[in-house]
Amino acid sequence: MRGEHENISDDNLKQLYFTIVDASNDFLPAHWHQHLEIIHLLNGQMTACINEQSYELVPGDILVINPRDIHSTQLHGRGRYNLLQIPPVHLKRISTDWELLHFSELLVYSDKEESLNDRLTKIFTELMRLNTGEEKGAHLLFLIQIYQLLYLLYTEDCSVVNSQSRNRTERDFRRIVHSMEY
């Protein structure tokens, strides 16, 4: 899968990117970035590809795209989703070995109270409310929710990639970047 590097314009106060996307048949071609990207599908259907693996998302599903993974998305018809992109400045606070962390890519919708998906959905609901910025200090409350989200992912949905595997991945990634630059 060929991919382009995406430069993300982070919000100055929050130092991350969050938006609600409302679109029809939107296609984002293969790309990669240093940010951890999380998509929370509110309505519609989406196909996402991450490193050659394909996922079919339905409302309530949460997709986690690890930093530097090549990925693309395709909305089928009208759709709406939360898009959260968290840069390394926040990820470095998870662990000194944050680059060896790998989060599961698909958290399927669950109506089970207190499931990981349910708790993350509640966080996204609060992020949408706080994103209006009308409340004094809302950006601080927003960051509290971001760190709660990272805490849940780290403690309940995270594995550590061994350094040998990481070195192979790093070598392959550098080759891809070099090819793209050429």
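Mentor: Begin with a bridge: I38 has V64 in β6 as its partner. Strands are DSSP E runs of at least two residues, and helices are H or I runs of at least four, numbered from the N terminus. This is a predicted model: local features need pLDDT of at least 70, side-chain atom pairs need 80 or more, and totals for chains, interfaces and linings use all residues. Residues are numbered from 1 along each chain as its sequence is written, and side-chain values use heavy atoms, without hydrogens or water.

Trainee: Which strands does β6 pair with?

Mentor: Two strands pair if DSSP finds at least two bridges between them. Strand β4 (residues 36-50) runs antiparallel to β6, with four bridges. Strand β9 (residues 106-107) is also antiparallel to β6, over two bridges. There, L107 in β9 lies opposite I62.

Trainee: How do I read the side chains along a strand?

Mentor: In a regular strand, side chains alternate between the two faces of the sheet. In β6 (residues 62-65), I62 and V64 point one way, L63 and I65 the other. All four are buried, meaning under 20% relative accessible area with a 1.4 Å probe, protein chains only (exposed is over 50%, partly exposed in between).

Trainee: Is N82 buried or exposed?

Mentor: Buried, at a relative accessible area of 0%. N82 sits in strand β7 (residues 71-86). Contact means heavy atoms within 4.5 Å. Beyond neighbours within four places in sequence, N82 contacts residues including I38, F124 and M128.

Trainee: How many residues of the chain count as buried, as a percentage?

Mentor: The figure is 46% of 182 residues.
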